[in-house]
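Let's take a look at a protein together and see what sits around one of its ligands. After that, we'll stop at a single residue and check out its neighbours.

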Amino acid sequence: MAKPVSIEVWNPNGKYRVVSTKSMPGTRWINLLIQQDCRLEICTEKKTILSVEDIIALIGDKCDGVIGQLTEDWGEELFSALSKAGGKAFSNMAVGYNNVDVNAANKYGVAVGNTPGVLTETTAELAASLTLAAARRIVEADEFMRAGLYDGWLPHLFVGNLLKGQTVGVIGAGRIGSAYARMMVEGFKMNLIYFDLYQATRLEKFVTAYGAFLKSNGETPVTWKRAASMDEVLQEADIISLHPILDKTTYHLVNKERLAKMKKEAILINCSRGPVIDEVALVDHLRENPMFRVGLDVFEDEPYMKPGLAELKNAIVVPHIASASKWTREGMATLAALNVLGKIKGYPVWFDANRVEPFLNENAQPPAAIPSIVNAKALSLPVSKL
Ligand SMILES: NC(=O)C1=CN([C@@H]2O[C@H](COP(=O)(O)OP(=O)(O)OC[C@H]3O[C@@H](n4cnc5c(N)ncnc54)[C@H](O)[C@@H]3O)[C@@H](O)[C@H]2O)C=CC1
Ligand SMILES: O=C(O)C(=O)CO
């Protein structure tokens, strides 16, 4: 028998039982569920990462849908338990869903939701923050001040890298990668080189137009290039930011050999998923190349860091906070709740998961549609014509 898991209950007499494995920011998501006849149970356990056993206990004998977190292992066992409890809907409170076995969800006919769009700019802004912090050695300099070591201006004190006119490399120029690229190109007048399986046409158009604007102003225009290989980006870029999804093709995308191809003074940023970098190889590379710097939001064995990383001055590390702005986190909670609610209600799937704004307008009722279901095609779910 699994140990009971503590919960907080909203709208106890609601017809549909929805479980959220964590408390989430804001109250709109709660109100949307309870207004639509859901009994909402929010897990209040103190431990951060729930086990499969904990979640099975939460699902119980009758459960219509679950809102879960990227730290949880949503595979065969959980989808089987949810399906047995009558559930047809699960949503990650995240855009990335590498923690979800979508084939297992398909097998049990469970729709899998995610939360795209609402975190694009927030995540790109953190990647840009890490880039600046690494380029200008802000964390090292802050530690130096607090340690009382500053005794006057010096020509060599914390000299870093200028971004203007340098090349920013983006691996994975999807929603977040493109937003980051625009920030770096427009904000710091950097040239762009990117690698993606698909052409980022809108991004290319943006850089072309911005380059023309700069030229018409008598300034050096910015340029863009779509690289034929990832190695081309690694060799040419001064800053490289990783924004692909995590799957078999991106696991250890940055390894020992690829690190060796990068410039000795390059800066590597990772706000995607930890296993995209071979972190052991990264620690060795950082030790051997003190001018190479890295800004990491995510880690291979999250929440742990590989031995040695925390001691390195040329690494900036933050605890997976890239999407942590109030607006974004409340929006993620809303989208996750509406994914589950929409499936329970039998709504069609929203026609464009990149345009989720109508669901986020606090002053209007959300559309009668499901914002984003990653296995909509596999489950042959109808698509909204709105
Ligand atoms: N650190 C954090 O808090 C956050 C992390 N993320 C991570 O960022 C990822 C990307 O999010 P979005 O930009 O919204 O997704 P997206 O799907 O718009 O972009 C991903 C891009 O990666 C490209 N890609 C896939 N395989 C590739 C490969 N082998 N080589 C190069 N490019 C490849 C895709 O073609 C696509 O353009 C998420 O899957 C998630 O893992 C997202 C939000 C917050
Ligand atoms: O959405 C995601 O994929 C995250 O990593 C958390 O914002």
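Which polar backbone atom is 2.9 Å from an oxygen atom of ligand 2? That atom belongs to Gly96. Keep in mind that this is a predicted model.

| Residue | Part of the residue | Distance to an oxygen atom of ligand 2 |
|---|---|---|
| Arg273 | polar side-chain atom | 2.7 Å |
| Val95 | backbone N or O atom | 2.8 Å |
| Gly96 | polar backbone atom | 2.9 Å |

So how much of ligand 2 does the protein cover? On its own, ligand 2 has 230 Å² of accessible area, and the protein covers 89% of that.

Besides Val95, Gly96 and Arg273, the residues surrounding ligand 2 are Leu70, Ala94, Leu119, His320, Ser323 and Met332. Sort this shell by class and you get 5 nonpolar, 3 polar and 1 charged residues.

Next stop: Asn99. You'll find Asn99 in the loop that runs between strand S5 (89–92) and helix H4 (102–107). Is Asn99 buried or exposed? Asn99 counts as buried, because its relative accessibility is 11%, and the cut-off for buried is under 20%.

What does Asn99 touch? Leaving out residues up to four places away in sequence, its contacts are Gln69, Leu70, Glu72, Asp73, Trp74 and Asn92. With Asn92 there's also a polar contact: the two side chains are joined at 2.8 Å.

How values were computed:
Residues numbered from 1 in each chain as written. Chains lettered and ligands numbered in written order. Predicted model: local features only at pLDDT ≥ 70, side-chain atom pairs only at ≥ 80, totals over all residues. Heavy atoms only, no water. Near = heavy atom within 4 Å. Polar contact = N/O pair within 3.5 Å; in protein donor to acceptor, adjacent residues only side chain to side chain. Areas by Shrake-Rupley, 256 points an atom, 1.4 Å probe, with all protein chains shown as cover. Nonpolar A, V, L, I, M, F, W, Y, C, P; charged D, E, K, R; others polar. Helix = DSSP H or I, 4+ residues; strand = E, 2+ residues; numbered from the N terminus. Buried < 20%, exposed > 50% of the residue type's maximum accessible area, 1.4 Å probe, protein only. Contact = heavy atoms within 4.5 Å.
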